[in-house]
Amino acid sequence: MTAPTTIGIFAHVDAGKTTLAEAILQQSGAVKRAGRVDEGTTVMDTDDLERKRGITIYARTASFFLETGEGRREFILVDTPGHRDFAPEAERTLPILDGAILVIDGGDGPVGYTKTLWDLLSRARIPVFLFVNKMDRPGLDAGAIMDQVLERLTDKAVDFTAPVPDRMEALAMADPDLMKTYFSIDTIPNGDIRASIQARKVFPVIFGSALEGEGVGRLLDWMGESLTPHLGQGRFQAICYKIGYDGPSRLSQVRILSGKFKIKQDFDGEKVHEIRRYQGAAYDLVQEAGPGQVVSLVGPQKTRAGSRIGGGPPPQASIRPVLQYRVERTDQGPEEDLLQALKVLNEEMPELGVRYDPKIREVMVHAMGPVILEIIQDRLAREGIPIRVSPGRILFKESIRNSVLGLGHFEPLRHYAEVHLLLEPGEANSGIRFLAEDGLGGATDAQLATVRETLVQPIPGVLAGAETTDIRVSLWAIKTGAHTSAGDLPEAVRRAFRQGLMQAESVLLEPMIAFDLDLPFDWLGRILQELTRLGVEGVDQESRSGRVYFRGRGRLRLLQDFFDNLPAMTGGQAVLHLEDGGYQEMDPEEGKNLIEKMDYDPLKDPLFPPSSIFCRHGAGLAVPWDQVADWVHLPVEVPGEDEAEEGDLPVEGLRRSPQEQVWSLSKGEADRIFRETFYANANSQKEAKRREIRARDKARQMEKDRKAGKGKSIPASGPKNPREANPDFRGESWLLVDGYNIIHAWPNLHFEGDEGFETARKKLTDILSEIHALSGEEVILVFDAYRVKGGIRRHEERGGIHLVYTKEAETADQYIAEISREKAKKNRVRVATSDGPVQLIAWREGALILSARELYQIYRDLQEEAHDHHDPGSYPELTHRLGDFLEGPPDGPK
């Protein structure tokens, strides 16, 4: 049986989403009778608060089976909240979905929040079926609703309840590929239609009534044949999309992306005691879970919503609360109980961002709106903790204008971690982005995951203690030791981040709010005048059927009172929908006044200190942030402004100490940085460190030779090239390596699968780094990326060698020929490959040729002779073996 396919169901509140979910379960045979929301008998909405309010609050799952052309297949339905206040809960389900149903109320059409959900599904690239519900009501015009869908959501929507000829024409108009088929054979096969649905080239629209069961069968037929699971292969991977509680049991709700998982097996460092498969509120215990399955794990305590197990960055939330509220107990109970209860809620709803200020004993939460606050009050009241919530305060944020290197060290007795982080201004509304997609040579995968997950948690700025955002973070250097404990690295990361903020030029950001406003035409003049006075940007308006529709964006602090008073102003005739409009920089003078009012002292924040802890005389010593650079154990290699001359590598490209050097260049500046760094003089601090290491190694070997009375040297190369024969040659030595060719030629680099290939690439990089360190020769390792659509040439540096990934339509041999032609004019250039055509091209450009076997032998010779006293200009013998690629593989590498 194939892996299960997950389908999310989304809608604006009261569109009939849960009723449709019940109809799907009933018509597929999963339940005998469809439950009703008004009777509180649904499979999905089982919480007392959900039944009391008649809305979905928590995302839940239920399985059903369909008979398809591929046999009996399992589907997992994920019911999501429909109220705007719970939009983050709906968004968290997106990474586990293979498809989605977007339910539209036939009476309202695609209203504002429906558009928000559509945008979420579009960004996640999820195939979508649109179900227009409540069409059993009299007076509804399917044609008019279809026009609204085409206008407000997508022009690729097709009415699948229309007559076949009309449907075929609409399909041809939506997808050019289907149009070619239609013109060719005067019809469109179902298989082609299903492929277009899966590829998001067509979005089926089905009109029906969930309560009456109309249209549900058609929906199931097309979903069952069109949607397939999107999973990985190889090692175990999973994503935790939600944390929940069943009594005292903490539930990590995950989807298995690849591999299998068994009971009692280690899950991201923790044991699993139970694996549950839920059907609404009921569940079965299973012994193992396989690819595609959605299960709840009992046992893990460190998982968080959004955590990825087995690799990959956590998903970034796009829906964020813009208001924060003060929460306080109304009885005399202990404050610790309130904090603990809110901590549990924060695990289930991370967007709450619970924050406690011990200085004024204030507890703050962030919320999307009043409904979620009422849910929090009800939840805590059931636990015997009555609370009062203050009126909402606006949630400001902070960012930075310049790049800085933050240093963090955490070394109380029997603890150790040090981290250097490069902080750079990021794109607007991008959040905190950790740049570690390509992996870093000096950090393990586990360390990278720890850094990434630490940065996911909100870290306050240093101006007003507001959450930081729009910052790119790169791991510059990292060091752990024998005494490193689980919490040491996160502590060092937070201190490094805060120490960087203390150095940076910080700015205060304020939230913007986007809105859709629908009101009678008579109110046009007054409302437009008011919106203009409040500085609303980009007001769009349209009129139809005696009403006017506004869409705009403005500063929340100016619009909040206007929105609160709007119902009274219009006699309740206005329909308002609000969306997060991102953040933008606050007016400097107003920002200054707010900072003074907040009276935040970053040096006195006990949870996020910018200082570092060092071990001195067996005890921890707190070192102020502005003195940390003098105490850290790893080298701090940031070029000052006075040193930054043309030809130096800009801040974006710098990384690590010489022992852990990793260079990561931004794509936009790749070509310029390549020219500056590849042709720059070798009088840098890095080269000075190399000379120091070589001198130290030479001294050790001279002492060994003196004791042993012997010594060897690497033979000088023969005059195979005129430049080699020149005794006055003073140029640089360059080694160009055809990466994929060498990997395939060396048997000891053969690995299976994509993961194995990454291992081979890293191992080859390590070998070439050692060649570079031992010989002083500059090394360029080239990998073919010419088939990557839209790819640009990308340059990095790892372990002191240059890594190049070619651009689209550029092969490795083209790049090697270009660099050989440029470098061989004044430098010694060797090209390592066993590809005959590449050898010939490079030789014609004046380069010396190394086969894969010769490159490996050079590596072994350098290892054996590493400590001998030899002339740095001496190299193993070079040859021009244009036919070497024809030779059969020897015992060792080819």
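Me: Is Glu89 buried or exposed?
Reply: Relative accessibility settles this one: with a 1.4 Å probe and protein chains only, under 20% is buried, over 50% is exposed, and anything in between is partly exposed. Because its value is 5%, Glu89 counts as buried.

Me: What kind of model are we looking at, and how are its residues numbered?
Reply: The model is predicted, so local features need pLDDT of at least 70 and side-chain atom pairs count only at pLDDT 80 or more, while totals for chains, interfaces and linings use all residues. Side-chain values use heavy atoms, leaving out hydrogens and water, and residues in each chain, as its sequence is written, are numbered from 1.

Me: Which side chain makes a polar contact with that of Glu89?
Reply: Glu89 is part of helix 3, residues 87–92; helices (H or I, at least four residues) and strands (E, at least two) are DSSP runs numbered from the N terminus. A polar contact is a pair of N or O atoms within 3.5 Å; within protein, one must be able to donate a hydrogen and the other to accept it, and residues adjacent in sequence count only if both atoms are side-chain atoms. At 2.8 Å, the partner of Glu89 is Arg92.

Me: How many residues apart in sequence are the parts tied together by Phe64 and Phe75?
Reply: Rings of Phe, Tyr and Trp (its six-membered ring) pair if their centres lie within 6.5 Å; planes under 30 degrees apart are stacked, over 60 edge-to-face, and the rest tilted. The count comes to 12 aromatic pairs, and Phe64 with Phe75 is a stacked one, at 5.6 Å between centres and 15° between planes. Phe64 belongs to strand 2 (residues 60–68) and Phe75 to strand 3 (residues 71–79), so the separation is 11 residues.

Me: Is the pair of Phe236 and Phe261 stacked or tilted?
Reply: Both Phe236 and Phe261 are buried. Their ring centres lie 5.4 Å apart and their planes meet at 35°, so the pair is tilted.

Me: What is the bridge partner of Ile9 in strand 3?
Reply: Strand 1 (residues 5–11) and strand 3 run parallel and are joined by five bridges. For Ile9, the partner in strand 3 is Asp79.

Terms used
Two strands pair if DSSP finds at least two bridges between them.
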